[in-house]
Protein chains: 2
Amino acid sequence: MAKELKELTPRSVSYSQWYQDLVIKADLAENSAVRGCMVIKPYGYAIWEKMQRILDDKFKETGHSNAYFPLFIPKSFLSKEAEHVEGFAKECAVVTHYRLKTNHDGTGVVVDPEAKLEEELIVRPTSETIIWNTYRNWIQSYRDLPILVNQWANVVRWEMRTRLFLRTAEFLWQEGHTAHATKDEAESEARQMLEVYADFAEKYMAMPVVKGVKSASERFAGALDTYTIEGLMQDGKALQSGTSHFLGQNFAKAFDVKYIDKTGKSEYVWATSWGVSTRLMGALIMSHSDDNGLVLPPKLAPIQVVIVPIYKNDEQLKLIDEKISGIVAGLKSLGISVKYDNADNKKPGWKFAEYELKGVPVRLAMGGRDLENNTIEVMRRDKLEKETVSCEGIEAYVKNLLDDIQENIFKKAFDYRTANTVSVDSYDEFKQKIEDGGFILAHWDGTAETEELIKNETKATIRCIPLEGDKTPGVCMVTGKPSAQRVVFARAY
Amino acid sequence: MAKELKELTPRSVSYSQWYQDLVIKADLAENSAVRGCMVIKPYGYAIWEKMQRILDDKFKETGHSNAYFPLFIPKSFLSKEAEHVEGFAKECAVVTHYRLKTNHDGTGVVVDPEAKLEEELIVRPTSETIIWNTYRNWIQSYRDLPILVNQWANVVRWEMRTRLFLRTAEFLWQEGHTAHATKDEAESEARQMLEVYADFAEKYMAMPVVKGVKSASERFAGALDTYTIEGLMQDGKALQSGTSHFLGQNFAKAFDVKYIDKTGKSEYVWATSWGVSTRLMGALIMSHSDDNGLVLPPKLAPIQVVIVPIYKNDEQLKLIDEKISGIVAGLKSLGISVKYDNADNKKPGWKFAEYELKGVPVRLAMGGRDLENNTIEVMRRDKLEKETVSCEGIEAYVKNLLDDIQENIFKKAFDYRTANTVSVDSYDEFKQKIEDGGFILAHWDGTAETEELIKNETKATIRCIPLEGDKTPGVCMVTGKPSAQRVVFARAY
Ligand SMILES: [Zn+2]
Ligand SMILES: [Zn+2]
């Protein structure tokens with residue numbers, strides 16, 4: 001691949017084209033032959049695997065186990081919870097037949113009309129219905145509760161306009177589904193998982209998030225409360241990055257799931273569900289990357305350190321190889337993932353551009369003079385700053401540098417968000433400010449009507465009613481009616 | 001759950017009922033509301049996760065990366081490789097529509113006839129076609145090769161008669177798909193992955209396997225050679241446990257995937273694919289378990305050691321708790337997974353039966369007298385043998401015991417296989433011996449006709465032409481024609 005092929009459309013020219021270029025050129029994902037479905041390429045998948053491993057560990061630390069439920073949902077299940085079917089029955093892949101047969105003219109295969117299913121199957125858009133139908137048989141008494149289960153799976157929601165990672169017909173996710181004896185316990189679970197997501201976003205993805213609760217019209221279909229973490233992308237748009245739902249007894253009632261409590265009474269079970277998806281890849285990319293390519297937080301980078309030799313001849317390369325092998329071993333012993341790229345068919349300049357594009361946090365380069373001086377050149381991807389340091393203690397130096405990069409990326413994103421969060425008191429000012437992007441904190445009267453009006457006139461939605469921060473009451477910027485606290489508005493992905 | 005509910009049908013009464021009972025009662029899996037699709041329960045999934053982690057590490061050690069390809073395959077793709085379509089187009093889930101709508105009478109949802117797909121989508125039964133369609137764009141020159149990719153995914157093959165783990169409509173698996181510049185390299189890859197599977201089966205699952213190559217009629221649809229590992233279950237039936245396919249240039253030709261070699265010539269790419277599935281769970285269960293429940297090899301047991309206190313009162317329990325907490329810490333520091341079950345609502349006898357059923361390799365129990373004597377009771381699940389040992393050095397003792405159990409389980413299965421493998425020279429003897437089950441080594445003339453005749457008359461199939469062992473030529477037991485070596489016959493799952 002020639003170097004020019006790697007050049008990205010600058011963000012200032014077109015943010016959405018920059019994003020598209022970056023996802024493709026950094027080998028993260030691509031569109032497939034199936035409309036709306038993506039191929040996640042090995043480099044992109046390696047980042048997703050890191051996310052999965054960390055989240056999975058957190059789920060297990062908080063007492064959850066993994067399980068697996070069917071891909072298909074009988075059509076009738078979707079109708080059992082009234083709001084749920086409204087939200088999910090619209091865009092879905094429907095399996096109607098279970099066999100193909102050879103075409104009579106020998107040109108391929110056709111659907112066998114005799115193999116029609118009695119009841120159509122829906123490819124799961126989310127699994128509440130099939131899971132609560134299963135839980136009915138798992139739960140008899142309070143001793144069977146809580147059930148704390150998570151599933152890693154693919155889901156399908158038919159989407160007309162898709163964008164790699166951000167909105168695809170098929171995506172990968174995890175969905176937790178828990179069952180509890182009491183309302184309080186279920187609510188605590190939903191909040192706990194919100195905290196797990198927020199912690200993951202901030203500590204690992206280096207993406208600051210606002211934690212809050214959704215307004216009624218933005219809730220998950222079938223939930224009583226939807227908690228959310230909202231990130232702010234570099235173009236000033238919000239991205240919902242994870243949600244945790246308190247489902248009340250809606251699904252227990254829809255699927256008749258009751259338990260006998262300690263006093264012998266029969267009660268409906270309380271539920272939560274919570275999920276994050278490959279959409280997080282989009283959030284990660286858009287939070288930190290620049291016109292040179294990806295910027296990855298070290299904690300999620302598949303390769304944390306790359307080392308490139310710069311040499312005149314084979315003899316010199318051999319000396320550098322020897323020197324570097326000690327450094328590689330030292331870095332690995334500190335748990336750092338490192339790649340030594342001494343491939344002979346690419347020039348150092350090509351490699352530098354490639355690893356910048358792919359967001360490798362630290363690049364080390366060693367040439368003939370470095371070899372003589374026992375030094376090495378260190379480049380940090382986040383700031384694109386170079387310095388030459390001694391090979392003595394380079395391992396500890398790099399380890400500290402990785403920590404520093406992780407912090408710096410977070411701080412940069414945090415400062416960006418701070419600079420792009422404003423409080424606004426009049427609707428006129430709101431309409432002006434919303435054009436600049438960012439989060440707007442404003443008072444709202446709590447009605448769906450006002451929310452709808454604002455959305456129609458400005459394309460801004462209520463991202464959440466924040467759980468933390470200023471709780472001072474005020475008056476709605478549109479209607480002047482009382483408002484309990486400011487809420488977060490933004491245009492969103 | 002009362003104790004009698006845990007009792008299994010003895011293997012001697014009905015092996016298949018025993019299997020079904022065990023899968024359900026040990027909380028491994030159950031049938032779902034969707035015909036042929038299973039729910040993998042947390043305990044079963046925990047075993048599968050251990051398998052996944054070990055296999056995934058082995059794939060990465062041998063240079064592979066994970067990626068993800070679409071769930072759906074355009075119908076026309078299946079027809080592109082002539083043999084492949086014959087093998088896979090028959091039983092598959094077909095998506096024909098992408099939307100539901102509310103029924104006009106308000107009773108649920110119906111398929112929206114206006115949302116019919118122009119081309120039907122098949123839920124992947126295996127991914128060669130969609131992947132090779134993708135590889136066409138990834139491969140231009142020899143520098144792009146090899147591609148060494150694996151995917152963990154769900155697949156669907158519509159099955160009329162299903163059995164939990166062994167044959168289900170939806171199952172979980174991994175499928176490796178590699179692309180190579182030369183025939184030799186692709187063949188080596190296919191063989192290498194066979195070795196990876198065999199090593200996993202024997203070292204981790206403690207299941208001895210025969211490595212071999214399939215006869216032409218038992219090959220994967222579209223392969224030039226299918227390598228297989230075959231295990232022998234306790235009822236004398238064979239279970240194909242993993243396959244690795246040398247695909248030649250079939251898929252490259254079907255999807256027009258060429259590369260420019262070093263001399264500038266355009267050549268078709270060589271391919272392999274290889275996979276193991278949740279079927280391995282069935283193999284694991286049937287290799288070792290007994291009428292008391294699961295017997296798990298320590299390397300795959302989610303809980304390796306369970307500790308149960310036996311106490312008269314709270315005061316005594318407190319003393320045991322204290323004593324045990326040191327042992328738990330010691331075991332954990334050796335990397336052993338341990339559960340201390342001091343739950344007050346279950347009796348020790350109930351717990352003993354429960355952990356036997358679930359196949360926990362080692363059970364420790366401590367009562368009042370043990371506390372006085374600084375001893376602990378140790379029970380090994382594989383032999384159901386108990387002894388009382390000193391608490392001094394118990395951690396190392398348990399660690400050695402786990403190793404011993406792992407070896408013993410393998411040895412037992414190995415001895416069983418040895419005792420149930422016979423060489424047979426006449427077809428009459430073959431027909432007699434096949435009724436006893438086991439592997440039969442016999443000469444075969446290499447023709448599909450003879451193979452078919454034997455299958456029709458005896459229900460035995462050629463499991464494989466073994467790669468190792470006796471290679472002496474002979475004459476076919478049926479036709480008397482020349483045979484290059486003995487092959488392995490058995491009745492199979
Ligand atoms: Zn509802
Ligand atoms: Zn073919």
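## Helix H8 of chain B

In this predicted model, the cover over the buried residues of H8(B) includes helices H1 (15-25), H2 (42-61), H6 (183-203) and H12 (394-419) of chain B, together with strands S13 (238-248) and S16 (270-277). Contact here means heavy atoms within 4.5 Å. Helices (H or I, at least four residues) and strands (E, at least two) are DSSP runs, numbered from the N terminus.

H8 of chain B spans residues 279-288 and is mostly covered, with 10 of its 10 residues buried. Buried means under 20% relative accessible area, exposed over 50% and partly exposed in between (1.4 Å probe, protein chains only). Among the buried residues are B:Arg279, B:Met281, B:Ser287 and B:His288.

## Relation of the two chains

## Cysteines

Zero disulfides are counted over all chains, a disulfide being a pair of cysteine sulfur atoms within 2.5 Å. B:Cys37 is in no disulfide, and the nearest cysteine sulfur, that of B:Cys92, is 14 Å away. B:Cys37 is buried at 2% relative accessibility.

For B:Cys464, the closest cysteine sulfur is that of B:Cys476, at 17 Å, which is too far for a bond. B:Cys464 is also buried, with a relative accessible area of 0%.

## Basis

Residues are numbered from 1 along each chain as its sequence is written, and chains are lettered from A and ligands numbered from 1 in the order in which they are written. Local features need pLDDT of at least 70, side-chain atom pairs count only at pLDDT 80 or more, and totals for chains, interfaces and linings use all residues, while side-chain values use heavy atoms, leaving out hydrogens and water.
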